[in-house]
Amino acid sequence: FLEIKPGQIGLDATLGYGGHTRKMLEQLEGSGHLYGLDVDPIEIVKTTKRLRDAGFDENIFTSIQENFANIGKVAACHGPFSFVLADLGVSSMQIDNPKRGFSYKLDGPLDLRLNPEKGVSAAERLTQVTEDELAGMFRENSDEPYAEEIASAIRKKMKKGQKIDTTAKLREAIEDALAFLPENKEKKDIVKKSCQRVFQALRIDVNSEFEVLDQLLNSLPDVLADGGRVAILTFHSGEDRMVKKAFKRFHKEGVFREISGDVIRPSAEECRNNGRARSTKMRWAVK
């Protein structure tokens, strides 16, 4: 969709491991420039080196440690951009690193911050909110059907002096909360999905992800060049609703001349090759 051509200036708002970035750089064929943003101070260094080693030097690629909420500031220095990509999923290397606390499957500190040098960890956040606020977080951020039961189980453990400061302890609290479910073949899958949703809800809260996405979306008209293209990949219904609503508003206002009519999903083959792509939704727009 991005129709990248040599000589264009583009932005990867979510650098991550650099997979998308590398494909876009290859399409520039050595002419133009791609800027890559990432808020993660640990992974941006590794990814920049990875891309440099692949032959993409300072003349074609620049990485910037910046939250994509500040895309307007970046565009003021380096834009406007002919193409912008934002992949809102957490990077695989963050999920697979137990020290970051992103996965309920790997025991480690309950952190969940995209930038561990700023803000409060998920463990600390749990100590700051009431049971009602916690249930609301699980409902609003991840549509968790057992939000009240899980919030209650977490608070009960904490009232007894038990710390929920590791991924394993949070997973155990979720399992305890759902112990009332009948023992059948569906229960394991239900517990697994609740773990995924609760970790997602906490991550979204700790990193203010909805607020940050709102800032990104509102900045798009100013950062795109005329005819510029933007594609956004979401992994959660709340994110997708925000993107859909913003694109429709800008289309109605005449800012975007074209937007995707329907959400675009990965093919069955892609899902088989990459299980983490399964819940991806893509929407696009042209200024």
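These legends walk through several close-up views of a predicted model.

**View 1**
Averaged over the protein, pLDDT comes to 92, and 96% of the residues reach 70 or more. The lowest confidence falls in helix α4 (residues 92–95), with a mean of 63. At the other end of the scale sits strand β1 (residues 9–12), where confidence is highest, at 98.

You can see both kinds in the next views.

**View 1. Strand β4 and its two parallel neighbours.**
Zoom in on strand β4 (residues 81–87). With 6 of its 7 residues buried, β4 is largely enclosed by the rest of the structure. β1 and β4 run parallel and are joined by 3 bridges; look for L11, which stands opposite V84 in β4. β4 and β5 run parallel too, with 6 bridges joining them. For a landmark there, find F81, whose bridge partner in β5 is L224.

**View 2. Strand β7, covered on both faces.**
Now move along to β7, residues 281–286. How many of the residues of β7 are buried? The count is 6 of 6, so this strand is mostly covered. In a regular strand the side chains alternate between the two faces of the sheet. In β7, K281, R283 and A285 lie on one side, M282, W284 and V286 lie on the other, and all are buried. β7 pairs with β5 in the antiparallel sense over 6 bridges, and I232 stands opposite R283 in β7. The pairing of β7 with β6 is antiparallel as well, over 2 bridges. One spot to look for is E258, whose bridge partner in β7 is V286.

**View 3. The largest nonpolar core, and another one apart from it.**
This view takes you into the largest nonpolar core, which has 32 residues. Which of its members touch the most others? They are L110, F138, I154 and L170. Helices α5 (122–126), α6 (131–142), α7 (147–159), α8 (167–177) and α9 (185–206) each supply at least two residues of this core. The largest share, 7 residues, comes from α9. Apart from this core lies another, of 30 residues, including Y35, I64, L220 and V230.

**View 4. E66, a buried residue in a loop.**
Find E66 in the loop between β3 and α3 (71–78). Is E66 buried or exposed? At 16% relative accessibility, E66 is buried, because the cut-off for that is under 20%. Leaving out residues up to four places away in sequence, E66 touches L37, D38, V39, K73 and V74. E66 and A13 are 53 residues apart along the chain, yet their C-alpha atoms are separated by 9.0 Å.

Most residues other than glycine have a negative phi, and most peptide bonds are trans. Here are some places that go the other way. G79 and P80 are joined by a cis peptide bond, with omega about 0°, and P80 sits in the loop between α3 and β4. D143 has a positive phi, near 55°; you'll find D143 in the loop between α6 and α7, partly exposed at 42% relative accessible area. S208 has a positive phi too, near 50°. S208 belongs to the loop between α9 and α10 (209–223) and is partly exposed, at 33%.

Key: Residues numbered from 1 in each chain as written. Predicted model: local features only at pLDDT ≥ 70, side-chain atom pairs only at ≥ 80, totals over all residues. Heavy atoms only, no water. Core = buried A, V, L, I, M, F, W, Y, C linked by side-chain atoms within 4.5 Å. Buried < 20%, exposed > 50% of the residue type's maximum accessible area, 1.4 Å probe, protein only. Helix = DSSP H or I, 4+ residues; strand = E, 2+ residues; numbered from the N terminus. Pairing = 2+ DSSP bridges. pLDDT = per-residue confidence, 0-100. Contact = heavy atoms within 4.5 Å.
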